Amino acid sequence: MGAETQVDGAMLSTGPGVEDFVALMKPRVMSLVVFTALVGMVAAPGHLHPVLAFIALLAIAVGAGASGALNMWYDADIDRHMARTAARPIPRGLVTENEALTFGAVLAVTSVLTLGVLVNWVAGGLLALTIGFYMFVYTMWLKRRTPQNIVIGGAAGAFPPMIGWAAVTGGVSLESIVLFLIIFMWTPPHFWALALYRCRDYERVGVPMLPVVAGLQETRRQIVIYSLLLVPLAMTPSFIGLGGIAYAVTSAVLGAIFLWLAFKVYRTCEGRAADKAAKRLFGFSIFYLFALFAVLLGERLADRLTGLAGVVG
Amino acid sequence: MGATEQMSEEQAEAERQKRQRLRSIAIAVGLGVLVVLFYAATIVHLGGNALNRPF
């Protein structure tokens with residue numbers, strides 16, 4: 001602790017750099033949020049002026065960054081003790097907790113007001129709900145209390161396509177709820193695959209992740225259950241007119257691979273092979289979600305280009 | 001990390017001032033972007049009506 005304080009003192013004496021505040025915003029999470037929000041915007045019926053669309057995406061990105069900063073502020077005590085999070089700006093002493101809190105709060109208020117005033121208040125309200133849900137429901141309430149933390153908290157990560165959709169249409173509809181549900185159902189198997197091989201980290205800091213509380217085998221069983229719910233759900237856009245043939249094929253093929261990897265995790269319980277299976281599922285789950293949304297985006301863009309060509313021709 | 005710990009007081013002060021300046025510039029750029037976005041969005045909302053006025 002002494003060395004840590006010494007290092008903290010040396011670092012804090014020069015003050016935080018701009019890049020430390022950027023790191024507080026979790027840029028990698030932000031990029032996924034922007035991507036899913038963009039898909040929501042493009043998939044939505046109607047038209048939004050490109051300037052307003054850009055503003056909406058920027059506000060959603062900044063709102064996601066605010067959530068990241070507020071999460072790092074609140075979780076600084078446990079972040080210090082986990083390998084995955086020990087290098088974050090607060091545990092390293094690069095940014096103080098108060099600076100992170102102020103930064104996050106200012107960004108949260110600014111992003112919500114900007115989206116609400118300049119685009120529409122349904123989108124602004126959903127962004128406020130997302131930030132509030134991630135901060136108060138997930139980070140402050142559920143994360144340290146129940147193994148269902150990421151199941152319910154996953155809703156925060158599922159809102160962005162809904163916000164994008166609302167930015168264009170000014171409302172919520174079945175299609176945007178389906179996009180929400182896909183990410184919502186994807187989150188548990190995705191995070192529990194990570195938790196399977198990082199469970200000692202969570203155990204050390206007392207976060208009741210499912211593998212810590214219910215054991216590894218129960219976690220593997222839950223991964224399979226949620227995967228069985230996710231895969232058919234991820235195919236529904238094709239049945240409600242949101243996705244086309246390319247989406248139907250992609251969601252079916254990748255869904256089959258997802259299930260195969262989930263069952264492999266379930267059946268591989270011992271040693272390094274078990275960790276490897278969990279890592280493979282975790283890695284594939286990211287690709288799976290990205291690919292589904294990318295195909296949806298590609299189809300919609302192709303539709304619009306075809307429509308545009310028809311008008312010009 | 002070691003290098004930072006070995007910094008002399010003058011070096012640390014110079015580094016502190018440099019970071020302070022960069023933070024100030026970043027805040028200024030952020031506020032500038034916000035002003036431009038609000039201006040642009042206002043023009044978009046007004047649309048063609050912005051030019052539709054009696055002379």
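Leaving out neighbours within four places in sequence, Val39(A) is in contact with Pro161(A), Gly164(A), Phe293(A), Leu296(A) and Leu297(A). This picture comes from a predicted model. Val39(A) sits in helix α3 of chain A, which covers residues 27-43. Is Val39(A) buried or exposed? There are 23 C-beta neighbours inside 10 Å, so Val39(A) counts as buried. Val39(A) and Asn120(A) are 81 residues apart along the chain, and their C-alpha atoms are separated by 18 Å.

Lys26(A) is found in the loop between α2 (18-24) and α3 of chain A. Lys26(A) is not a glycine, yet its phi is positive, at about 50 degrees. Lys26(A) has 19 C-beta neighbours inside 10 Å and therefore counts as partly exposed, since a residue needs 20 or more to be buried.

Next come the helix pairs, starting with α3(A) and α4(A). Their axes come within 9 Å and cross at roughly 145 degrees, and α3(A) passes α4(A) in a right-handed crossing. On the α3(A) side, the contact is made by Val29(A), Met30(A), Val33(A), Val34(A), Ala37(A), Leu38(A) and Met41(A). The α4(A) side brings in Ala53(A), Ala56(A), Leu57(A), Ile60(A), Ala61(A), Ala64(A), Gly65(A) and Gly68(A). Sorted by class, this contact of α3(A) with α4(A) has 13 nonpolar residues, two polar ones and no charged ones.

Helix α4 of chain A (residues 50-74) also meets helix α6 of chain A (residues 97-118), with axes that come within 8 Å and cross at roughly 155 degrees. How are α4(A) and α6(A) oriented to each other, roughly parallel or roughly antiparallel? Angles over 145 degrees count as roughly antiparallel, and α4(A) and α6(A) are therefore roughly antiparallel to each other. Their crossing is left-handed. The residues in the contact of α4(A) with α6(A) split into 18 nonpolar, six polar and one charged.

A further partner of α4(A) is helix α7 of chain A (residues 121-142): the two axes come within 10 Å and cross at roughly 15 degrees. That angle makes α4(A) roughly parallel to α7(A). The crossing of α4(A) past α7(A) is right-handed. From α4(A), the residues making the contact include Ala56(A), Ala59(A), Ile60(A) and Gly63(A); from α7(A), they include Ala123(A), Leu127(A), Thr130(A) and Ile131(A). In the contact of α4(A) with α7(A), 12 residues are nonpolar, five are polar and none is charged.

Ala56(A) keeps turning up, being part of the α4(A) contact with α3(A) and of the α4(A) contact with α7(A). Which residues does Ala56(A) touch, not counting those up to four places away in sequence? They are Met41(A), Leu115(A), Val119(A), Ala123(A) and Ala167(A). Ala56(A) is also one of the residues with the most contacts inside the largest nonpolar core, along with Ala69(A) and Ile163(A). That core has 93 residues, and helix α10 of chain A (residues 174-205) gives the most to it, with 15 residues.

Ile163(A) leads on to helix α9 of chain A (residues 160-169). This helix is mostly covered, with 10 of its 10 residues buried. Among the buried residues of α9(A) are Pro160(A), Pro161(A), Ile163(A), Gly164(A), Trp165(A) and Ala167(A). The cover over the buried residues of α9(A) includes α3, α4, α7 and α10 of chain A. Just after α9(A), Gly170(A) takes a positive phi of about 75 degrees. In helix α8 of chain A (residues 149-158), the buried residues are Asn149(A), Ile150(A), Gly153(A), Ala156(A), Gly157(A) and Ala158(A). What covers them includes α7 and α10 of chain A.

With 18 other C-beta atoms within 10 Å, Ser238(A) is partly exposed. Apart from neighbours within four places in sequence, Ser238(A) is in contact with Gly243(A), Tyr247(A), Ala248(A) and Ser251(A). The C-alpha atoms of Ser238(A) and Val51(A) are separated by 30 Å, with the two residues 187 apart along the chain.

Finally, there is chain B. It has two helices and zero strands, and 0% of its 55 residues count as buried.

Technical notes. Residues are numbered from 1 along each chain as its sequence is written. Chains are lettered from A and ligands numbered from 1 in the order in which they are written. This is a predicted model: local features need pLDDT of at least 70, side-chain atom pairs count only at pLDDT 80 or more; totals for chains, interfaces and linings use all residues. Axes are lines fitted to C-alpha atoms, for helices over the stretch in contact, and angles run from 0 to 180 degrees between N-to-C directions. Helices (H or I, at least four residues) and strands (E, at least two) are DSSP runs, numbered from the N terminus. Angles under 35 degrees count as roughly parallel, over 145 as roughly antiparallel, 65 to 115 as roughly perpendicular and the rest as oblique. A crossing is left-handed if the near helix is turned anticlockwise from the far one by less than a right angle, and right-handed if clockwise. Ala, Val, Leu, Ile, Met, Phe, Trp, Tyr, Cys and Pro count as nonpolar, Asp, Glu, Lys and Arg as charged, and the others, Gly among them, as polar. A nonpolar core is a set of buried Ala, Val, Leu, Ile, Met, Phe, Trp, Tyr and Cys residues joined through C-beta atoms within 7 Å. A residue is buried if 20 or more other C-beta atoms lie within 10 Å of its own, exposed if 12 or fewer, and partly exposed in between; C-beta atoms are placed from the backbone. Two residues are in contact if their C-beta atoms, placed from the backbone, lie within 7 Å.
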